[in-house]
Amino acid sequence: MVQRTVGADPYFPANGDARYRVHRYELALDYRPGPNRLSGTARLNAIAGRAPLAEFLLNLADFKVGRVRVDGRASHYTHRGGRLRIRPAKPIRAGAAFTVEVHWSGNPKPVRSPWGGLGWEELEDGALVASQPVGAPSWYPCNDRPADKASYQLSITTPSAYSVVAGGRLLTRTTKASTTTWVYEQSAPTSSYLVGLSIGKYQTVLLGDPGLGGVPQAGHIPAHLLTPFSRDFARQPAMMELFEEVFGPYPFGEYAVVVTEEELDVPVEAQGLSLFGANHVDGGRGSERLVAHELAHQWFGNSVSIADWRHIWLNEGFAKYAEWLWSERSGGRSAQALAALAHRKLAGMPQDLQLADPGRKLMFDDRLYERGGLVLHAVRCALGDEAFFRMLRAWAALHRGGAVTTESFKRHVARYASDSLDDLFAAWLHETALPPLPSASGVVIPARPPYPPGASGG
């Protein structure tokens, strides 16, 4: 899908540069876990926007920058406050393709944010990356804005005792002396914060049998967690089957989950990859809704991304509703029951969240997730199941690999509605007061709804 150029992100104006876009990153990294030492070379293939570029910005945390070249020529640069300002030897013409090469090294650490450290996190024995929303510059130079999506090749060299897991297809694994180089390719358009990486001592298992045309699913886990993991993630292949049915074909080539030795507050989605903490594995499926939530993000948030962070409910509300759909299909509580539960929960909370533009402070508030799920349920009740699921599949298909906004979603839904939904969207998205609980208005939502067969959207 062709990406549109949009302006600076209002929540993070210092991140990203709208004057150009990157269509490919090639990262060659060397990481030593003991001293937590990272050195790397990044090659970016980019395209200038509608105006010539006398200078441009990349985001990169506090590393030592060794060399910067644009189109093979040494370029002047300054590096302060997480911003690498590059001035090419010759201005880049409007619309012209160009390449940038950056060498950097240092001790990676999370970047500071209102939610604590984000990005590269050193573990007791390894490392992981959890970048949402602005942690990607903690480990590589990037145009850090969610709408600037690119393909990636990652080459990571580590001591051979460690496994490297990244989103995408493993192309090669080459061992020389005491180190191993892992090369991954993610060909689908990927936002910078969604480039996932985990380095640790893992055992790899396959989840289910994908069969012909199925999605390969792998788990990478510490050996001592294999038994509880095999129960906690046993139904993930069934989730994949359901989500392909209701959202359309899985948008990437493969899906991996990693469980770290350490605890994580919440799981973290990346492109083709999700990261869970040891605390999410209990042998009793205690975190199964989170397994569904992270898988659903592969469609909503990763393949269909947001133009800027104001629209984050389009990621989290859709993934929340996927939890409810999985519960409904797998014999748990129905989406209607879970919607009622969420509504009661929200009714007892402050009514000061505007879903369509929550502000940076509230963009990860629990109310955004619950209210986002209720928006989807309200739309389902208004459209009826047949039109609702056609709408969802078409949304995922039309915007695969692209970036969307709340307004584009409202326009899309309108094409499937027999009556105007303006009042519904105004109440749920643009006002802070909690609307009444959505009801089926005479349409009975069955325990196993008639999801539309076939792969084509409406």
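Strand β9 (residues 119–123) and strand β10 (residues 126–130) pair in the antiparallel sense, with 5 bridges between them. Pairing here requires at least two DSSP bridges between two strands, and the elements themselves are DSSP runs numbered from the N terminus: helices are H or I with at least four residues, strands are E with at least two. The two strands make a hairpin, with 2 residues between them, and the bridge partner of Leu123 is Gly126 in β10.

Before going further, a word on what you're looking at: this is a predicted model, where local features need pLDDT of at least 70 and side-chain atom pairs count only at pLDDT 80 or more, while totals for chains, interfaces and linings use all residues. Residues are numbered from 1 along each chain as its sequence is written, and side-chain values use heavy atoms, with hydrogens and water left out.

β9 and β10 belong to an open sheet of 4 strands, ordered β9-β10-β15-β12, with antiparallel pairing. The edges are taken by β9 and β12 (163–166); each has a single partner strand, so one side of each has no neighbour in the sheet. On average, neighbouring strands of this sheet are turned by 20 degrees against each other, direction ignored. (Axes are lines fitted to C-alpha atoms, for helices over the stretch in contact, and angles between N-to-C directions run from 0 to 180 degrees.) At the β12 end, 4 bridges hold the antiparallel pairing with strand β15 (residues 197–200), and Ser163 stands opposite Gly200 in β15.

Pro133 sits in the loop between β10 and β11 (150–159). UniProt, in an unreviewed entry, places the feature "domain: Aminopeptidase N-like N-terminal" at residues 132–194. UniProt positions follow the numbering used here, feature names are shortened, and annotations may be inferred rather than shown by experiment. That span is 0% helix and 54% strand, and its end C-alpha atoms lie 7 Å apart. Another backbone detail turns up at Asn36, a residue other than glycine with a positive phi, near 50 degrees; Asn36 is in the loop between β1 (20–32) and β2 (37–48).

β16 runs antiparallel to strand β17 (residues 217–221), joined by 4 bridges, and Gln203 stands opposite Ile221 in β17.

Now for the helices. The unreviewed UniProt entry puts "domain: Peptidase M1 membrane alanine aminopeptidase" at residues 237–428. This span is 51% helix and 8% strand, with its end C-alpha atoms 33 Å apart.

Start with helix α4 (residues 313–329) and helix α5 (residues 335–347), whose axes come within 8 Å and cross at roughly 135 degrees. α4 and α5 are therefore oblique to each other; on this scale, angles under 35 degrees count as roughly parallel, over 145 as roughly antiparallel, 65 to 115 as roughly perpendicular and the rest as oblique. Tyr321, Trp324, Ser327 and Glu328 of α4 make the contact with Ala335, Gln336, Leu338, Ala339 and Ala342 of α5, where contact means heavy atoms within 4.5 Å. By class, that is 6 nonpolar, 2 polar and 1 charged residues. (Ala, Val, Leu, Ile, Met, Phe, Trp, Tyr, Cys and Pro count as nonpolar, Asp, Glu, Lys and Arg as charged, and the others, Gly among them, as polar.)

α4 also packs with helix α6 (residues 366–383), at about 65 degrees and with the axes 7 Å apart, which makes α4 roughly perpendicular to α6. The contact includes Tyr321 and Trp324 in α4, and Leu374 and Arg380 in α6. In total it has 10 nonpolar, 4 polar and 5 charged residues.

Finally, helix α7 (residues 385–398) and helix α8 (residues 406–414) pack at about 135 degrees, their axes 10 Å apart, and are therefore oblique to each other. Met391, Ala394, Trp395 and Leu398 in α7 meet Ser408, Phe409, His412 and Val413 in α8. That contact has 6 nonpolar, 2 polar and no charged residues.
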